[in-house]
Amino acid sequence: MMEMHAFQNAKQLEIPSLVGPEKPAAKDLLAFLYDMSVWTKASPQIIVGGQRESDVLYALFRGVAFVELDFWQVFGSELAMLMTRWKIDAFTNADPTQESVWLALEKQDATLYGRFVCELSANRQTRPGH
């Protein structure tokens, strides 16, 4: 049975848009994955899933830690360009709480935001200082 998780926005950062192709090519997605590999100094495990109508590609980077602001500053514009064709989110666990963390790029009106969203735990509804 799939367990449902409740998330709450903790932070958001406005992301500048890059002028890129209207429909990015697969090579642009591969370039992003390569850039992530170089930045994290890790090789991802690639998992393909989904159904024909909604194919999903998972890139699992194990043993990687980073500050979400750094992630958005380095990859925000690149993700904004890719967003016209693919939805790309990042999920991880926050130490030491092991709460799920979701990094998502979302469009609100004409502005793009990089969001840092935390899972609401049963014991704590918000994370102090965020």
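**Notes on a predicted chain with two helices and six strands**

1. Let us start with one residue. Along the sequence, D28 and L82 are 54 residues apart, but their C-alpha atoms are 7.4 Å apart in space. Please keep in mind as you read on that this is a predicted model.2. Now the overall plan. Which order do the elements follow from the N terminus on? They run β-α-β-β-α-β-β-β, giving two helices and six strands in the chain. Of the 130 residues in the chain, 28% are buried. Looking at contacts between residues at least 6 apart in sequence, 59% of them join residues at least 24 apart.

2. The two helices meet each other. Two packed helices are described by the angle between their axes and the distance between the axes. Here, helix α1 covers residues 26-40 and helix α2 covers residues 68-82. They pack at an angle of about 170 degrees, and their axes are 10 Å apart. Angles over 145 degrees count as roughly antiparallel, so α1 is roughly antiparallel to α2.

3. Which residues make this helix contact? From α1 come D28, L29, A31, F32, D35, M36 and W39. From α2 come D70, F71, V74, F75, E78, L79, M81 and L82. Sorted by class, the contact has 11 nonpolar residues, four charged residues and no polar ones.

4. V74 has its place in helix α2 and counts as partly exposed, at 42% relative accessibility. V74 and M36 are 38 residues apart along the chain, and their C-alpha atoms are separated by 9.4 Å.

5. Next, the nonpolar core. The largest one has 21 residues, and those with the most contacts inside it are F32, F71, W72, L79 and L105. Which elements each supply at least two residues of this core? They are α1, α2, β5 (99-108) and β6 (111-119). The largest share, seven residues, comes from α2.

6. Leaving aside residues up to four places away in sequence, F71 touches M36, W39, F66, G76, L79, A90 and L103.

7. P24 lies in the loop between β1 (7-15) and α1. Is P24 buried or exposed? P24 is buried, with a relative accessible area of 0%. Not counting residues up to four places away in sequence, P24 touches M81, L82, T84, R85 and W86. The C-alpha atoms of P24 and W86 are separated by 8.8 Å, although the two residues are 62 apart along the chain.

8. T40 has its place in helix α1 and counts as buried at 16% relative accessibility. Apart from residues up to four places away in sequence, T40 touches F61 and V64. K41 is found in the loop between α1 and β2 (45-51). K41 is exposed, with a relative accessible area of 75%.

9. The backbone at K41 also deserves a look. Most residues other than glycine have a negative phi, and most peptide bonds are trans. K41 is not a glycine, yet it has a positive phi of about 55 degrees.

10. L112 takes us to the strands. L112 is found in strand β6 and counts as buried, at 8% relative accessibility. L112 and S77 are 35 residues apart along the chain, with their C-alpha atoms separated by 9.4 Å.

11. Finally, the charges. Side chains of opposite charge can pair when their charged atoms come close. How many salt bridges does the count come to? It comes to one salt bridge. The side chains of D89 and K87 meet in a salt bridge, at 3.0 Å from N to O. D89 is partly exposed, with a relative accessible area of 28%, whereas K87 is exposed at 57%.

Note on methods
Residues are numbered from 1 along each chain as its sequence is written. This is a predicted model: local features need pLDDT of at least 70, side-chain atom pairs count only at pLDDT 80 or more; totals for chains, interfaces and linings use all residues. Side-chain values use heavy atoms; hydrogens and water are left out. Axes are lines fitted to C-alpha atoms, for helices over the stretch in contact, and angles run from 0 to 180 degrees between N-to-C directions. Helices (H or I, at least four residues) and strands (E, at least two) are DSSP runs, numbered from the N terminus. Angles under 35 degrees count as roughly parallel, over 145 as roughly antiparallel, 65 to 115 as roughly perpendicular and the rest as oblique. Contact means heavy atoms within 4.5 Å. Ala, Val, Leu, Ile, Met, Phe, Trp, Tyr, Cys and Pro count as nonpolar, Asp, Glu, Lys and Arg as charged, and the others, Gly among them, as polar. A salt bridge is a side-chain nitrogen of Lys or Arg within 4 Å of a carboxyl oxygen of Asp or Glu. Buried means under 20% relative accessible area, exposed over 50%, partly exposed in between (1.4 Å probe, protein chains only). A nonpolar core is a set of buried Ala, Val, Leu, Ile, Met, Phe, Trp, Tyr and Cys residues joined through side-chain atoms within 4.5 Å.
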